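Please keep the sequence and the coordinates at hand while reading.

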Amino acid sequence: MIKFEIYRISKFILENIHQTPLGENDKKFLYTHLNQSEFRLQLLMFLNNIRAAGKFKIGKQSFTQLGNIMRYLVDKISEDKDFESMRYLLIMCQTYFFINKNNEKFYLVRYIENHQLFQSEEFWEFYFSDSIFQEIEKQNKSEEPENETAAEKDKRFSNIVFSKLLSIAHNMMEFQIDKKKIQKLISVFAKQYSVDIQLENQI
């Protein structure tokens, strides 16, 4: 029942054709259940499924409502150190956007970009580790190139990790993270995964 209601509300926010505000009862229901990590993750996964269908552009009312929800979620995620949910939330905030009358594009990330969580080294350590793990898992499930040698496999693995590290480093730069802090984390994970390329030089 709760899961269905969260899905219904999230679908309403994103597919709000008439751009009407979320009802008070729905708003109370949603915010109450977002205090629990289980339901936070469900909401974000529902939104991610809709996002995966390529529906990135949303209306002004949807943008405002979703932005306020994302800001509330970051507060709760920070309090609970629910970093798994944060991974999905970042994807949402860097994907969904609104275009104003002047044809300017605004992403949801503007609602959360100044949050203190992004200054937390603990969060970024989790984000590096989890993102690399998820990418490796995805690659392991895909079909390996035919007649690939051990050396070629190691090289492919190194390239995967390198690409992910570079992507996260750019994410951190968007949040105005100190360059030395970024380089420090990159160095730690590059050594951990035996990536020889000096990534620091590309930041």
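The model is a predicted one. Nine of the 11 residues of helix 5 are buried, and the helix is thus described as mostly covered. Which elements provide that cover?

Leaving aside residues up to four places away in sequence, M86 touches V74, I77, I112, L117, F118 and F123. M86 also belongs to the largest nonpolar core, which has 60 residues. Within this core, M70, M86, L89, I112 and W124 touch the most other members. At least two residues of the core come from each of helix 1 (2–14), helix 2 (24–33), helix 3 (37–52), helix 4 (60–80), helix 5 (83–93), helix 6 (121–141), helix 7 (150–174) and helix 8 (179–192).

Is L47 buried or exposed? Buried means under 20% relative accessible area, and L47 has a relative accessibility of 1%, so it counts as buried. With residues up to four places away in sequence not counted, L47 touches S10, L14, L66, M70, M92 and Y96. By contrast, Q61 lies 14 residues from L47 along the chain, and the C-alpha atoms of the two are separated by 16 Å.

Attention may now turn to the loops. K81 is found in the loop between helix 4 and helix 5. Its phi is near 55 degrees, a positive value in a residue other than glycine. K81 has a relative accessible area of 49% and is therefore partly exposed, since the exposed class requires over 50%.

A further positive phi occurs at N103, where the value is near 65 degrees, again in a residue other than glycine. N103 is found in the loop between strand 1 and strand 2. With a relative accessible area of 61%, N103 is exposed. The loop between strand 1 (97–99) and strand 2 (105–107) also holds N100. What does the side chain of N100 reach? It reaches the backbone nitrogen of N102 at 2.9 Å, and it makes a polar contact with the side chain of E104 at 2.7 Å.

The secondary structure comprises eight helices and two strands, and from the N terminus the order of elements is α-α-α-α-α-β-β-α-α-α. The C-alpha trace spans about 60 × 40 × 40 Å along its principal axes. Of the 203 residues, 43% count as buried. Where contacts join residues at least 6 apart in sequence, 73% of them link residues at least 24 apart.

The surface and the charges complete the account. The accessible surface of the protein chain comes to about 11,700 Å², and carbon and sulfur atoms contribute 49% of it. There are 28 positive and 28 negative side chains, and the centres of the two sets lie 7 Å apart.

How values were computed: Residues are numbered from 1 along each chain as its sequence is written. This is a predicted model: local features need pLDDT of at least 70, side-chain atom pairs count only at pLDDT 80 or more; totals for chains, interfaces and linings use all residues. Side-chain values use heavy atoms; hydrogens and water are left out. Helices (H or I, at least four residues) and strands (E, at least two) are DSSP runs, numbered from the N terminus. Buried means under 20% relative accessible area, exposed over 50%, partly exposed in between (1.4 Å probe, protein chains only). Contact means heavy atoms within 4.5 Å. Accessible areas come from the Shrake-Rupley method with a 1.4 Å probe; for residues, only the protein chains shown count as cover. Lys and Arg count as positive and Asp and Glu as negative; His and the chain ends are not counted. The place of a charge is taken as NZ of Lys, CZ of Arg, CG of Asp or CD of Glu. A polar contact is a pair of N or O atoms within 3.5 Å; within protein, one must be able to donate a hydrogen and the other to accept it, and residues adjacent in sequence count only if both atoms are side-chain atoms. A nonpolar core is a set of buried Ala, Val, Leu, Ile, Met, Phe, Trp, Tyr and Cys residues joined through side-chain atoms within 4.5 Å.
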